[in-house]
Amino acid sequence: MKTKTFPKISFYSIILIGIIALTGFIAYSSILNSFFLSDDFVLIALMSKLGPLGLWMNQQHGQSLFFRPLLGLISFLDYQIWGLNAFGYHLTNFGFHLGNSFLVGRIAFLLSLNLRLELKLKRFLPYFAGFIFLLLPSHSEAVSWISARTDVIATFFALLSFLTYLTFKQFYQPLQLWISLAAFLAALLCKESIVTFPGLILAYELYQYLQEKPRTFNKLLTIFSLYGAVLGFYFICRYLKLGTLIGGYGGRIHLQFNPIQILYNLIIYPTRSFLPPQLNSNLIFWVEAFVGLILISLLALILSYYKHQLNSQIPQTLILLIVGFWICVLPAINVSVSPFDTQGERYLYWASSFTSIYIALVFTILVSNFQLCLILSSIILFSLGLSLHSVNQNWKFAGELSQSLLTSLQKTTIESPIITSVPDNYRGAYVYRTGLIQGLYLFDPDNRFNIQFEKKQTDKPFEKVRFYTDNILLIMMNTLLEPTDEIIVNSLKPNQYQLKLSNPQTRFFLTPKNTVVTKDYHISNVQPQTYTLNLNNPSRSQDLLLYSSGKFVKLSN
């Protein structure tokens, strides 16, 4: 087979790539100095005690059990360079996200080579797709939260694998195939949700197979089997290390297929992959958005058939992108992505690479005129950037709140505080759903709360690890929607307090440890917005800490 020449990158392209990089930096600049949040403290504390491989391979933290050694190595390298400086970790997240945007644009370029489009539109398509991916507001959680780097880094290697695979297919460079296989394995070693990647290869092989004359089915199976072999090797290593093929959060989560939840996800996933969360939305809004997406897609298909005839490959490429999206999102089909805030949207990050190319191609088909494409795409990208900036403000405030709470707790004169409630998240941006104890361990050099690290051997090869202290009791957690949200305290009678959230749209919920009954107190009348605290030991009233205006303060009697 004759080897094709790979197109060179022009000076004009380099300028555009620089503009894309600068745009992304501006869009995420507000969170680069943001403080650590929630799981971030847990991960860094574990790395400080267990090293690079202990983070994901040996520890059985809570009910989770992951096999992500490459991610552990990358994060440990960050820890060695940056220590407790959150800026460096955010910079790494953004760097991988920026790299993913370039890879998406390059994949869009390779997919567009055989499409019957005007030359200017062919050049426009890859940059628009890359820009869309860079500025999608649904990427806020994955990029702005340090702990969500799992999806960003795994996606980088998955996109690199698919790009080099397409390069091999387009230009027949065998080395690219081996790079693709190695990158696929690297992606698996960062996150197990990449297991459906061979399905993406099969989809493209079928896509190309239907266009070949003569058709060679054996070649299709040969290439697909190589990726299957890598996947098999991964599962063998995973099983030898974990002793199970499921791992993660266990079969109770990953194998719990609820038909109603899946039907709901079929509507939410494609729309949430490019739309920001809508705080006060309802299902009708998302159904309408889903129907609108279908109608626009049908219009693009009709126009492509009308303008380019059956052999244009544009309709087939649109279908390939839709199939690619669902293959990527399949491992997360039984979990949930919030339509109201950013929680869970990281599960859509890898699949949204195909959303970005799909939107760019549909837009190009519908508009057609190059000058008009430039004008309208600029408006779209500006809107996406504003939306992303708005959502990122939640993560910025969550970081400020996280640091303020940690500081106020360190400064308190109480030796054994009882914390009545701690913010779990602010509009979906996690604050202390976990990590408060680990945060004190990392940032309190005097260790005045006597936080201990414990490691116990269990069934080989696992280790049970935890950070704990008997000097801090945490009763409840709560959500926040506004910076001014407070907790109102009413004294019902001596040693009995009613705690109520000032914002009726927020709620209380129990901590994972369910410390509702202790020798010092017990709680009763638990409602979404209120609960009653009863002190068994009256002397402990002076140890009560209350969340108020972004810090912990003593509860006034």
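This briefing covers the overall build of one protein chain and then a handful of its residues.

The structure is a predicted model, in which local features need pLDDT of at least 70, side-chain atom pairs count only at pLDDT 80 or more, and totals for chains, interfaces and linings use all residues. Residues are numbered from 1 along each chain as its sequence is written, and side-chain values use heavy atoms, with hydrogens and water left out. The protein chain holds 17 helices and 12 strands. Its radius of gyration is 26 Å, close to the 24 Å that the globule rule gives for 557 residues, so the chain is as compact as a globular protein of that length.

**Terms**

- Helices (H or I, at least four residues) and strands (E, at least two) are DSSP runs, numbered from the N terminus.
- The radius of gyration is taken over C-alpha atoms, and the globule rule is 2.2 Å times the number of residues to the power 0.38.
- Buried means under 20% relative accessible area, exposed means over 50%, and partly exposed is in between (1.4 Å probe, protein chains only).
- Contact means heavy atoms within 4.5 Å.
- A polar contact is a pair of N or O atoms within 3.5 Å; within protein, one must be able to donate a hydrogen and the other to accept it, and residues adjacent in sequence count only if both atoms are side-chain atoms.

**The whole chain**

- Along the principal axes, the C-alpha atoms fill a box of roughly 85 × 50 × 45 Å.
- Of the 557 residues, 54% count as buried.
- Take the contacts with a separation of 6 or more: residues 24 or more positions apart account for 74% of them.
- The chain exposes about 24,400 Å², and carbon and sulfur atoms supply 63% of that area. Accessible areas come from the Shrake-Rupley method with a 1.4 Å probe; for residues, only the protein chains shown count as cover.
- There are 40 positive and 26 negative side chains, and the centres of the two sets lie 10 Å apart. Lys and Arg count as positive, Asp and Glu as negative; His and the chain ends are not counted. Each charge is placed at NZ of Lys, CZ of Arg, CG of Asp or CD of Glu.

**Asp 424, in a strand**

- Asp 424 sits in strand E1, residues 418-426. Its relative accessible area is 7%, so Asp 424 is buried.
- Thr 479 is 55 residues away along the chain, yet the two C-alpha atoms are separated by 5.6 Å.
- Beyond its neighbours within four places in sequence, Asp 424 has contacts that include Tyr 430, Arg 433, Met 477 and Phe 509.

**Ser 112, in a helix**

- Ser 112 belongs to helix H4, residues 86-112. Its relative accessibility is 2%, so Ser 112 counts as buried.
- Not counting residues up to four places away in sequence, Ser 112 touches Lys 122 and Leu 125.
- Phe 156 is 44 residues away along the chain, and its C-alpha atom is separated from that of Ser 112 by 21 Å.

- Ile 333 is in the loop between helix H14 (314-329) and helix H15 (352-367). At 8% relative accessibility, Ile 333 is buried.
- Leaving out neighbours within four places in sequence, contacts of Ile 333 include Phe 257, Leu 266, Tyr 269 and Trp 326.
- Ile 333 and Leu 263 are 70 residues apart in sequence, with 9.3 Å from C-alpha to C-alpha.
- Ser 502 is in the loop between E7 and strand E8 (508-510). With a relative accessible area of 34%, Ser 502 is partly exposed.
- A polar atom of the Ser 502 side chain lies 2.8 Å from the backbone nitrogen of Glu 486. Outside four places in sequence, Ser 502 is also in contact with residues including Thr 484 and Ile 488.

**Positive phi**

- Tyr 172 has phi near 50°, a positive value in a residue other than glycine. Tyr 172 lies in the loop between helix H7 (149-171) and helix H8 (174-188), and is partly exposed at 35%.
- Asn 495 has phi near 65°, again positive in a residue other than glycine. Asn 495 lies in the loop between strand E6 (487-493) and strand E7 (496-501), and is partly exposed at 27%.
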